[in-house]
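Here is a briefing on one protein model. Look over the sequence and the fold, then read on.

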Amino acid sequence: MDRVSTSQFYSRSLTQMSGLNVQADKLQTQISTNKKLTVASDDAAGFTRLATLKRDASADKAAKGNLDLAAGILAQSDTALAGITDQLQRAKELAVQANSGTLTADQRATIAGQLDGILQDVASLANQTDARGVPIFGGGGDAAFATDGNGRVTYVGGTKPGVIPTGNDTTVQVTEDGTTLQAMFDTLSALSTAVKSGKGIGEAGDQVTTAIDTVSGMRGSIGARAMRLDMEMERLSDVGVGREEARSAIEDTDVTAAITELQKTLTILSATQASFSKLTSLNLFQQLR
């Protein structure tokens, strides 16, 4: 009976010490890595939830990349249109100056030359490409505006503004259909011709105001889309914070609690080892007697 009891004691003690060692090693790993969940066997439900959170985080990261790209293109478009507006304002000032009855033909020719320069500057602004090399006013085409040998600017782009996906099956328009700007170039060309001839300068100058209003309307549309992007970025940020909190609750170690548990485990292990050693020595002594 004593032999059976002793054998059972040894077996239970060894099993207990082995389990305590495993638990201590696990806690030490959790503390050193700050991860309490590393394999599915640690927590099957938590591991599945963690995989879902990481997949969603990856999808949102890609969406944020698209949002940043879209915001950059819209900002570039707005800057280009602001530059065009400045050029049109200058053209309007030159129209007023040229409409003075005291100017000579040579003086009007000089102003017309300045207007021709403005037209080419505007064409340069309207032909900008984004970070992908896509014309921002090309309507999905490979180019936006072309200038012929006579200095006439013509729209050669497409009619389908480009879009970029922003997540949740939504998109945002980032490039423009440049046909809207064609009238602006025709207006500048007509103004130059009017100044050279000295006829119809006032009417042509009034059309520049219309062109400015058109550009202003385009900037308003771009601004509204940029605001949508800002709201979506803010939403993604909020979602990301909540997701990170959920991930941390599942995966990260509560270091303070883990240290307390480790100390408790090591104390029990030490006591168990001491008892086992003492009783083993006593049993050996009795056998030697």
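Which residues does Gln97 touch, not counting residues up to four places away in sequence? Gln97 touches Leu103 and Ile111, where contact means heavy atoms within 4.5 Å.

This is a predicted model, in which local features need pLDDT of at least 70 and side-chain atom pairs count only at pLDDT 80 or more, while totals for chains, interfaces and linings use all residues. Residues are numbered from 1 along each chain as its sequence is written, and side-chain values use heavy atoms, with hydrogens and water left out.

Helices (H or I, at least four residues) and strands (E, at least two) are DSSP runs, numbered from the N terminus. Axes are lines fitted to C-alpha atoms, for helices over the stretch in contact, and angles run from 0 to 180 degrees between N-to-C directions.

**Helix H2 against helix H5**

- Helix H2 covers residues 44–98 and helix H5 covers residues 201–251.
- Their axes come within 7 Å and cross at roughly 165°.
- That makes H2 roughly antiparallel to H5; angles under 35 degrees count as roughly parallel, over 145 as roughly antiparallel, 65 to 115 as roughly perpendicular and the rest as oblique.
- The crossing of H2 and H5 is left-handed, meaning that the near helix is turned anticlockwise from the far one by less than a right angle (clockwise would be right-handed).
- The contact of H2 with H5 has 28 nonpolar, 6 polar and 14 charged residues.
- In these classes, Ala, Val, Leu, Ile, Met, Phe, Trp, Tyr, Cys and Pro count as nonpolar, Asp, Glu, Lys and Arg as charged, and the others, Gly among them, as polar.

**Helix H4 against helix H5**

- Helix H4 spans residues 179–197.
- The axes of H4 and H5 come within 9 Å and cross at roughly 160°.
- H4 is therefore roughly antiparallel to H5.
- The crossing of H4 and H5 is also left-handed.
- On the H4 side, the contact residues include Thr180, Leu181, Met184, Thr187 and Ala190.
- On the H5 side, they include Ile201, Ala204, Gly205, Gln207 and Val208.
- The contact of H4 with H5 divides into 12 nonpolar, 5 polar and no charged residues.

**Helix H3 against helix H4**

- H3 and H4 pack at an angle of about 170°, with their axes 8 Å apart.
- That makes H3 roughly antiparallel to H4.
- H3 contributes residues including Arg108, Ile111, Ala112, Leu115 and Asp116.
- H4 contributes residues including Met184, Phe185, Leu188, Ser189 and Leu191.
- By class, the contact of H3 with H4 has 13 nonpolar, 3 polar and 3 charged residues.

**Aromatic residues**

- The structure holds 2 aromatic pairs; rings of Phe, Tyr and Trp (its six-membered ring) pair if their centres lie within 6.5 Å, and planes under 30 degrees apart count as stacked, over 60 as edge-to-face and the rest as tilted.
- The rings of Phe145 and Phe185 have centres 4.7 Å apart and planes at 50°, so the pair is tilted.
- This pair links distant parts of the chain: Phe145 is in strand E1 (residues 145–147) and Phe185 in helix H4, 40 residues apart.
- Phe145 is buried at 7% relative accessible area; buried means under 20%, exposed over 50% and partly exposed in between, with a 1.4 Å probe and protein chains only.
- Phe185 is buried too, at 1% relative accessibility.
- Phe145, Tyr155 and Phe185 form one aromatic cluster.

- Ala123 is found in helix H3 (residues 105–126).
- Ala123 is buried, with a relative accessible area of 4%.
- Leaving aside neighbours within four places in sequence, Ala123 is in contact with Val153 and Phe185.
- From C-alpha to C-alpha, Ala123 and Thr38 are 59 Å apart in space, and 85 residues apart in sequence.
- Ser77 sits in helix H2 and is buried, with a relative accessible area of 0%.
- Not counting residues up to four places away in sequence, Ser77 touches Ile136, Phe137, Val174 and Ile222.

- Gln97 is found in helix H2 and counts as partly exposed, at 41% relative accessibility.
- Ala62 lies in helix H2 and counts as partly exposed, at 46% relative accessibility.
- Ala62 and Gly167 are 105 residues apart along the chain, and their C-alpha atoms are separated by 8.6 Å.
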